[in-house]
Amino acid sequence: MHEKDTDKLVHSLKQAEDFQTIFSETRQYVIDQTLKNYLAYWLSDKQLSKSAVLKKAGIAEATGYQYFDGKRNPSREKVIALTIGLELTLEETNELMKKTGYAQLYPKHPWDAVVIYGISHGLPIPEIDDYLYNENLKTFGE
């Protein structure tokens, strides 16, 4: 499948007279992948086990396996924890967030700013939690 520039897609949708026609014409460019598929991709790409990722992410295995199997939808914070467990870069994290319908990390939000710092510096969850706690922000463990 080939990509189409997002701005061109937006322009096409805004200018369209009929939704069904434009949607059928642009459907091939719509992202249609679940978090489950992305997690499987990154597990394979990074050559990590689910249990290793969940341990680094600070997520209980019973719950985490449900995320990997697509049986349960994690919160935004849990998805970010998974990306940390997967050792994704900030760019990879934001791409996964965008493609799975979660808000990307935004540096003007205090919680996100701390997490961006942590991911960019390769910090583990407990260390990021320390920074969050010191700033009176919700930690991953809460």
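**Domains, core and helix packing in the predicted model**

At a relative accessibility of 11%, Thr-139 counts as buried, because the cut-off for a buried residue is under 20% relative accessible area. The structure described here is a predicted model. Thr-139 lies in the segment that follows helix H9, which spans residues 125-134. Leaving aside residues up to four places away in sequence, Thr-139 is in contact with Asp-129, Leu-132 and Tyr-133.

Another residue of the segment after H9 is Asn-136. Asn-136 is not a glycine, yet its phi is positive, at about 60°. With a relative accessible area of 72%, Asn-136 is exposed. A positive phi, near 60°, is also found at Glu-87, again a residue other than glycine. Glu-87 is placed in the loop between H6 and helix H7, the latter covering residues 90-99. The relative accessibility of Glu-87 is 44%, and this residue therefore counts as partly exposed.

At the level of the whole chain, the assignment gives domain 1, residues 1-30, and domain 2, residues 33-135. The centres of domain 1 and domain 2, taken over C-alpha atoms, are separated by 30 Å.

The largest nonpolar core contains 32 residues. Those with the most contacts inside this core are Ile-80, Leu-82, Leu-96, Leu-105, Val-115, Ile-128 and Phe-140. Two or more residues each are given to the core by helix H3 (35-46), helix H4 (50-57), helix H5 (61-69), H6, H7, H8 and H9. For Leu-105, the contacts beyond four places in sequence include Arg-76 and Ile-80, as well as Leu-90, Thr-93 and Asn-94. Leu-105 also touches Trp-111, Asp-112, Val-115, Ile-116 and Ile-119.

Helix H6 comprises residues 76-85 and helix H8 residues 110-120. The axes of H6 and H8 come within 11 Å and cross at roughly 10°. Angles under 35 degrees count as roughly parallel, and H6 and H8 are therefore roughly parallel to each other. On the H6 side the contact is made by Arg-76, Glu-77, Ile-80 and Ile-84, which meet Trp-111, Asp-112, Val-115 and Ile-119 in H8. The residues of this contact divide into 5 nonpolar and 3 charged, with no polar residue. Two residues of the contact, Ile-80 of H6 and Val-115 of H8, are also listed among the residues with the most contacts inside the largest nonpolar core.

Technical notes: Residues are numbered from 1 along each chain as its sequence is written. This is a predicted model: local features need pLDDT of at least 70, side-chain atom pairs count only at pLDDT 80 or more; totals for chains, interfaces and linings use all residues. Side-chain values use heavy atoms; hydrogens and water are left out. Axes are lines fitted to C-alpha atoms, for helices over the stretch in contact, and angles run from 0 to 180 degrees between N-to-C directions. Helices (H or I, at least four residues) and strands (E, at least two) are DSSP runs, numbered from the N terminus. Angles under 35 degrees count as roughly parallel, over 145 as roughly antiparallel, 65 to 115 as roughly perpendicular and the rest as oblique. Contact means heavy atoms within 4.5 Å. Ala, Val, Leu, Ile, Met, Phe, Trp, Tyr, Cys and Pro count as nonpolar, Asp, Glu, Lys and Arg as charged, and the others, Gly among them, as polar. Buried means under 20% relative accessible area, exposed over 50%, partly exposed in between (1.4 Å probe, protein chains only). Domain bounds come from an automatic or database domain assignment. A nonpolar core is a set of buried Ala, Val, Leu, Ile, Met, Phe, Trp, Tyr and Cys residues joined through side-chain atoms within 4.5 Å.
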